[in-house]
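Open the model in your viewer and keep the selection tool at hand.

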Amino acid sequence: MILNKSYSRLAAGLGGAVLLCATATAFAQASAWVGQIKVSRGIVVLERGGQKLPGMVGVRLKENDVILTEANGSAGLMFNDNSTLSLGPNAEVVLERYAYDSTTYLGAFDAFVKRGAVSIEAGNLANAQPEAVRVKTPQAELKGQARSFAVNVEGK
């Protein structure tokens, strides 16, 4: 009988560990969201994992997402650190890397502008580390003390 109570306690402990792991996994998935689309006009497309999705207001963003606007499109994105990124018509931006710790304000934000007119207003990341926000293009890389970046990349 004593042996059965020990197994019961062990099973209860393992159940708690499984529940804790499931909670941690759910938190990690929820924290995978780095921002969302706040403004979407005309044709805006989100590419994620090889799929093309409508870039509607409220769509959450992840690292490696690609945001495209057509000739009649424009979009405004807001990130977890309150950075904003705006795309004009015929733009394409890859969210290459985004990490943000809301307690320390540390992290990194790397955006690759393949084409189009794009502006970025750096949020809390730049307050803690001015070089944490980088904007890359096929020809250049922008980073530093500036809180605002505007680039126009001519492309196809």
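Start by selecting Phe79, Tyr98 and Phe109, which together form one aromatic cluster. Keep in mind that this is a predicted model.

Colour the strands and the pair is seen to link distant parts of the chain: tyrosine 98 is in strand β8 (residues 92–100) and phenylalanine 109 in strand β9 (residues 107–121), 11 residues apart. Tyrosine 98 counts as buried at 6% relative accessibility, and phenylalanine 109 counts as buried at 1%.

Next, select tyrosine 100 and tyrosine 105. Their rings form a stacked pair, with 6.3 Å from centre to centre and 5° between the planes. Tyrosine 105 is partly exposed, its relative accessible area being 39%. A search of the whole structure finds 4 aromatic pairs.

Go back to phenylalanine 109 and display its surroundings.

Now widen the selection to the largest nonpolar core, which has 30 residues; Leu61, Phe79, Leu85, Leu87, Phe109 and Val118 touch the most other members. Elements giving two or more residues to this core include β2 (44–48), β6 (74–79), β7 (84–87), α2 (124–128) and β12 (148–153). The largest share, 5 residues, comes from β9. Apart from this core lies another, of 5 residues, among them Val45, Leu68, Val94 and Phe112.

Turn to the charged side chains. The structure holds 9 salt bridges. Select glutamate 96 and lysine 136, whose side chains meet in one of them at 2.7 Å, N to O. Glutamate 96 lies in strand β8 and lysine 136 in strand β10, so the bridge ties together parts that are 40 residues apart in sequence. Glutamate 96 is partly exposed, with a relative accessible area of 30%.

Then select aspartate 110 and arginine 97, which meet in a salt bridge at 3.0 Å, N to O. Aspartate 110 belongs to strand β9 and arginine 97 to strand β8, so this pair ties together parts that are 13 residues apart in sequence.

Glutamate 141 is partly exposed at 36% relative accessible area. Salt bridges with shared partners join Arg97, Asp110, Arg134, Glu141 and Lys143 into one network.

Two single stops remain. At tryptophan 33, look for lysine 62, which lies over the face of the ring at 5.0 Å from the ring centre. At threonine 137, you are in the loop between β10 (133–136) and β11 (141–142). Threonine 137 is buried, with a relative accessible area of 14%. Beyond its neighbours within four places in sequence, threonine 137 is in contact with Phe112, Val113 and Val153.

Finally, zoom out to the whole chain. The protein chain has 2 helices and 12 strands, and buried residues make up 34% of its 156 residues.

Technical notes:
Residues numbered from 1 in each chain as written. Predicted model: local features only at pLDDT ≥ 70, side-chain atom pairs only at ≥ 80, totals over all residues. Heavy atoms only, no water. Phe/Tyr/Trp six-rings, centres within 6.5 Å; stacked < 30°, edge-to-face > 60°. Helix = DSSP H or I, 4+ residues; strand = E, 2+ residues; numbered from the N terminus. Buried < 20%, exposed > 50% of the residue type's maximum accessible area, 1.4 Å probe, protein only. Lys NZ or Arg CZ within 6 Å of the ring centre and 35° of its normal. Contact = heavy atoms within 4.5 Å. Core = buried A, V, L, I, M, F, W, Y, C linked by side-chain atoms within 4.5 Å. Salt bridge = Lys/Arg side-chain N within 4 Å of Asp/Glu carboxyl O.
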